[in-house]
Amino acid sequence: MTLVVKIHSPLTKPILSLTLLLSLFFSAGCENSNRKPEYQVISGRTMGTSYQVKLAGNNLPHKTQPIKKEIDLRLERINQLMSTYFPDSELNRLNRTDSKWFPVSKETYFVIGNAQRISRDSGGAFDITVGALVNLWGFGNKIRADQIPDEKAISTLKNKLGYDKIMLNPDELLIGKKHPEITLDLSAIAKGYAVDSVAALLEKRGILDYMVEIGGEIKARGYKAENHPWVLAIEKPILESREVQRLVSLNDQGMATSGDYRNYFEKDGVRYSHSINPNTARPITHKLASVSVINPSTMIADGWATALMVLGPEKGYEIALREKLAAYFIYREKDGFVEKYTPDFEKYFIETKTRL
Ligand code: ADP
Ligand code: MG
């Protein structure tokens, strides 16, 4: 058996199938079809995917156009800084530089600093130096081979891998590379950061009831209407249709999901997903289908969802417990999907446990 399907979704991939890559979560439940929605919707495209912002509450603006403009400007700036797709993004300039130290914006520094923390706490499962390997395996912005790369090429890049090869200088906002060929990739964390950044922008304008979603990473605060919390759906990890697995309610929390079912290729019956295990320099191939993490910071939720996905079914759960993360796992078993969640996740469910 050879290729089955492959869809790219990381940060800033420019041309994508919008419908399939639309959020892993969407508003659901609590909607009364006879009543006009009591919120305003702003939507657009960014980072190779779509975004949607819903505004509710008493402080709604008469016109959404000025806010949309502000949101688009903010997202454009984040893309100019952290995209792996814009050749001249700050990140790509850092990737290309031969100098040991490179000055970056406070935004990029903040995201890299947090990425490093998640790397340490996940024992290196999360590692933004996977950039070159992501490209080699065909999940980046280079040629998409859908082939298993040459063993020698894998081991060459493995030697240049390692979050411990990145140095931070907080006083001067410098990022250091212990090896000039290190390629950083912030795709697993920057979308979450962008969600937080848009949320902060809304709060600054006095809007405290909102939902912000970018390519499936999400933050919700307040209420969408009186006594109606923001209700979000965690999708079943399947491509064929969009079905709700679980409903959760968020208030001033971010949620991010990493899955192996939207961006992968199959070869000889093995599914190679876009999350790379830094230990093996290979895509993960285990039975974990998706991980959702809830955290006040969507950036942290985003990073950890990827980290837990890489850690896999057992280790991922163990580390989630140790780190007291609110994490929800869906495993692929012989007779269907099986779910597992940490005690901290349970309070977000808005329905009782259902059989899959
Ligand atoms: P999505 O982009 O679908 O939301 P993730 O947040 O899990 O999914 O990000 C996956 C992307 O992160 C990959 O496409 C790749 O660019 C990058 N990546 C892959 N493996 C790792 C890893 N071990 N640590 C950090 N980033 C990774
Ligand atoms: Mg992520």
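What pLDDT does the protein average? The average is 87, and 87% of the residues score at least 70; pLDDT is the predictor's confidence in each residue, from 0 to 100. This is a predicted model, in which local features need pLDDT of at least 70 and side-chain atom pairs count only at pLDDT 80 or more, while totals for chains, interfaces and linings use all residues. Residues are numbered from 1 along each chain as written, chains are lettered from A and ligands numbered from 1 in the order written, and side-chain values use heavy atoms, without hydrogens and water.

Over residues 1–33, pLDDT stays under 50.

I turn to the magnesium ion (ligand 2). A188 (O), D302 (O), D302 (OD) and T306 (OG1) coordinate this ion at 2.2 to 2.5 Å; donors are N, O and S atoms within 2.8 Å of the metal (3.2 Å for Na, K and Ca), and as water is not among the atoms, sites may look incomplete. D302 is buried, at 2% relative accessibility (buried means under 20% relative accessible area, exposed over 50%, partly exposed in between, with a 1.4 Å probe and protein chains only).

Finally, the structure holds 15 salt bridges, each a side-chain nitrogen of Lys or Arg within 4 Å of a carboxyl oxygen of Asp or Glu. In one of them, E235 meets R242 at 2.4 Å, N to O; E235 is buried at 2%, whereas R242 is partly exposed at 37%. A network of salt bridges links D260, E266, R271 and R332.

Technical notes
Contact means heavy atoms within 4.5 Å.
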